[in-house]
Amino acid sequence: MSIQTNLKNIEATIPNHVTLVAVSKTKPVEDLQEAYEAGIRDFGENKIQEMCDKFEVLPKDIRWHMIGHVQTNKVKYMASFVHLIHGVDSLKLLKEINKQAEKNNRVIDVLLQQFIADEETKFGFDEAEIRQVMKDEIQALPNVRVVGLMGMATFTEDENQIREEFKTLKSNFDYLKNNYSTIATLSMGMSGDYEVAIEEGSTMVRIGSSIFGHRNYNV
Ligand SMILES: *Cc1c(COP(=O)(O)O)cnc(C)c1O
């Protein structure tokens, strides 16, 4: 099926208050162009170099989302244009984003990544660390604005487990939203679990393979 048809089918299942981020990592510029022509303006990439290369050649009204793990020394390459950094998982990274944002005379929006999965490989803060960062660190970082949370559920067929993990994230999101006026975005849900994520309160879904087809990492 074509990218346009896939998008139409997915958009029909996403309510208006939920933002669709089209995850285009590994995909050629032509595929992004096709999604752009179908109306998509939010694109997600997980490698900074690849995102910068695509930014150079694609229309400037695209909102670029960095959804991958970010190495501190590469923040500078995207600081002038990135729209939202989803995977902020350390204070060191937060400080570097603040520094690079200041150099570019802007405020960069970020999501703190909360570890919710039953897997050792996924990055993120735990709930207590996030609350501590919000309480004790954010005020000293005027060029970053924490606008919400991001999380990834365990890669499993067990829908109940995925649902419980999303509920955990939503509960911390609600706590923060009640305490900090900047908090508005809950980024959770991918191709395999976005419908559960929306039921559990997601406001932003990151969908790749259901739009662009399976990724081939060997090319
Ligand atoms: C690749 C990726 C996605 C999209 O995954 P699909 O299963 O292809 O929809 C979403 N979020 C993150 C953080 C990713 O790395």
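Arg163 is buried, with a relative accessible area of 17%, where buried means under 20%, exposed over 50% and partly exposed in between, for a 1.4 Å probe and protein chains only. Its side chain meets that of Glu159 in a salt bridge (2.9 Å, N to O), a term used here for a side-chain nitrogen of Lys or Arg within 4 Å of a carboxyl oxygen of Asp or Glu. This is a predicted model, in which local features need pLDDT of at least 70 and side-chain atom pairs count only at pLDDT 80 or more, while totals for chains, interfaces and linings use all residues. Residues are numbered from 1 along each chain as its sequence is written, and side-chain values use heavy atoms, with hydrogens and water left out.

**Salt bridges**

- Arg163 and Glu159 are four residues apart in helix H7 (residues 159-179), a separation of about one helical turn; helices (H or I, at least four residues) and strands (E, at least two) are DSSP runs numbered from the N terminus.
- Glu159 is partly exposed at 42% relative accessibility, and salt bridges with shared partners join Glu159, Arg163, Lys167, Glu199 and Glu200 into one network.
- In helix H3 (residues 48-57), Glu50 and Lys54 also lie four residues apart, about one turn of the helix, and they form a salt bridge whose closest N and O atoms are 2.7 Å apart.
- Of these two residues, Lys54 counts as buried at 5% relative accessibility, whereas Glu50 is partly exposed at 21%.
- A further salt bridge joins the side chains of Asp109 and Arg145 (2.8 Å, N to O), and this pair links distant parts of the chain, with Asp109 in strand E5 (residues 108-113) and Arg145 in strand E6 (residues 144-150), 36 residues apart.
- Asp109 is buried, with a relative accessible area of 17%, while Arg145 is partly exposed at 38%.
- By the rule given above, the count comes to 12 salt bridges.

**Ligand surroundings**

- The ligand is surrounded by Val23, Lys25, Ile67, Met150, Met152, Met190, Ser191, Arg206, Ile207, Gly208, Ser209 and Arg215, a residue being near a molecule if one of its heavy atoms lies within 4 Å of it.
- This shell divides into six nonpolar, three polar and three charged residues, where Ala, Val, Leu, Ile, Met, Phe, Trp, Tyr, Cys and Pro count as nonpolar, Asp, Glu, Lys and Arg as charged, and the others, Gly among them, as polar.
- Oxygen atoms of the ligand lie 2.5 Å from an N or O atom in the side chain of Ser191 and 2.7 Å from one in the side chain of Arg215, while a nitrogen atom of the ligand is 2.8 Å from an N or O atom in the side chain of Arg206.
- The protein covers 90% of the 390 Å² of accessible area that the ligand has on its own, as computed by the Shrake-Rupley method with a 1.4 Å probe.

**Loop residues**

- At Lys25, an unreviewed UniProt entry places the feature "modified residue: N6-(pyridoxal phosphate)lysine", and such annotations may be inferred rather than shown by experiment.
- Lys25 sits in the loop between strand E1 (19-23) and helix H2 (29-37) and is buried, with a relative accessible area of 14%.
- Thr26 is found in the loop between E1 and H2, has a positive phi near 70° although it is a residue other than glycine, and counts as partly exposed at 29% relative accessibility.
- Asn105, in the loop between helix H5 (91-103) and E5, is likewise not a glycine and has a positive phi of about 55°; at 74% relative accessibility, Asn105 counts as exposed.

Conventions: A polar contact is a pair of N or O atoms within 3.5 Å; within protein, one must be able to donate a hydrogen and the other to accept it, and residues adjacent in sequence count only if both atoms are side-chain atoms.
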